[in-house]
Amino acid sequence: MTGICSGRVAVVTGAGRGLGRAHALALAAEGAKVVVNDLGVGLDGAAETDGPAQRVVDEIRALGGEAVAHGGDIATTDGAASLITTALEAFGRLDILVNNAGFLRDRMLVNLDEDDWDAVMRVHLKGHFLPLKHAAAHWRAEAKGGGTPQARVVNTSSGAGLLGSVGQGNYSAAKAGIIGLTLVAAAEMGRYGIQINAIAPAARTRMTEHTFAETMAAPGEGGFDAMAPENVSPLVVWLGSAASTGVTGRVFAVEGGRITVMEGWRPGPTADKGARWSPAEAGEAALGLLAASETPQPVYGTR
């Protein structure tokens, strides 16, 4: 198969369904050989008995592409290491890592159990860190050995990570952490030919079709399905290709036919007394600065 990722090898985590499946299929359609990772768990992370990763592999092969399945837990050192090893053993190289795996355990903060906090942090944040660590170690060794990697990582954040989302304190915190991880990794790994970006997609998946049912509903016959996960994948494919050279450390919001570069935190109005403020003075200054600043966007789910 030919395309902008022809000859490249991609790993996609959480690729058995939803966004991950769409990314895997789109990468394969553009010529990439794909390692399809999925642990095969339910929406809340509980074990299931089916094998969604192999089904996606079968889809790719039926369309003339090349793919292998990986069912390891990428939030463990052994699972993340074997993910990278699978790509190298199956296809002889690694060029693209798409971190996508995740699930939800939604609760309001006062009802959020510690186990539900830890589980979501583990799969989203640790599940990004460990594959990234092992892939980056491989590419760094390649660069130090005289190679010239054109390595690409696409991390998956969320609007919840950018703005917060009521009832999703654990998920929002994990997705915000992924943005911070992306920025640091891009700064650290650029010297080795590794580009690392993040997307904040809005699409219909198992995690959103019930939580945001009205927004995620499919249109009537013939209408543009703005919430189809396949709308997000073209940008992921481009970010994974050599055509994206020079793009790193950026966050893109993707929804329907819209792509937005998110510009993140930056200094706004500032006051400098040149000496220590009293509490009353600090408060007066803060109120003045707030009056001069832009009104923040509302948190998702705010009534």
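# A walk through the sheet and its helices

Asp116 is found in helix α4, where helices (H or I, at least four residues) and strands (E, at least two) are DSSP runs numbered from the N terminus. The structure is a predicted model, in which local features need pLDDT of at least 70, side-chain atom pairs count only at pLDDT 80 or more, and totals for chains, interfaces and linings use all residues. Residues are numbered from 1 along each chain as its sequence is written, and side-chain values use heavy atoms, with hydrogens and water left out.

Asp116 has a relative accessible area of 9%. This residue therefore counts as buried, a term that means under 20% relative accessible area, while exposed means over 50% and partly exposed lies in between (1.4 Å probe, protein chains only). Apart from neighbours within four places in sequence, Asp116 touches Arg105, Arg107 and Asn170; contact here means heavy atoms within 4.5 Å.

The sheet comes next. Strands of a sheet pair through backbone hydrogen bonds, either parallel or antiparallel. In this model, eight strands form an open sheet with mixed pairing, in the order β3-β2-β1-β4-β5-β6-β7-β8; two strands pair if DSSP finds at least two bridges between them. The edge strands, β3 and β8 (258-262), each pair on one side only. Direction ignored, neighbouring strands of this sheet are turned by 20° against each other on average. Axes are lines fitted to C-alpha atoms, for helices over the stretch in contact, and angles run from 0 to 180 degrees between N-to-C directions.

Strand β1 can be followed to its partners. β1 and β2 pair in the parallel sense over four bridges, and Val11 has Val35 in β2 as its bridge partner. β1 also runs parallel to β4, joined by three bridges, with Val12 opposite Val98 in β4. Further along the sheet, β2 and β3 are parallel and share four bridges; there, Val34 stands opposite Ala67 in β3. Are the residues of β1 buried or exposed on its two faces? Both faces are covered: Val9 and Val11 on one side, and Ala10 and Val12 on the other, are all buried.

Helix α1 (residues 18-29) lies across β1, β2, β4 (96-98) and β6 (194-202), and runs at about 175° to β1. Together, β1, α1 and β2 make a right-handed β-α-β unit. A crossover is right-handed if, with the strands pointing away from the viewer, the path from the first strand over the helix to the second runs clockwise. Leu19 lies in α1 and is buried, with a relative accessible area of 11%. Leu19 and Lys126 are 107 residues apart in sequence, and their C-alpha atoms are 19 Å apart in space.

Helix α3 lies across β1, β2 and β3, running at about 160° to β3. The expected span of a helix is 1.5 Å times one less than its number of residues. The 15 residues of α3 (residues 77-91) should therefore span 21 Å, and the 22 Å between its end C-alpha atoms agrees with this. Within α3, Gly79, Ala80, Leu83, Ile84, Ala87 and Phe91 are buried. Seen down the axis of α3, these buried residues fall within an arc of 140°, so they line one face of the helix; the arc is that of the directions from the helix axis to the C-beta atoms. They pack against β1 (9-12), β2 (33-37), β3 (67-70) and α4 (114-144). On the other side of α3, Asp78 and Glu89 are exposed. After α3 comes Gly92, whose phi is positive, near 85°.
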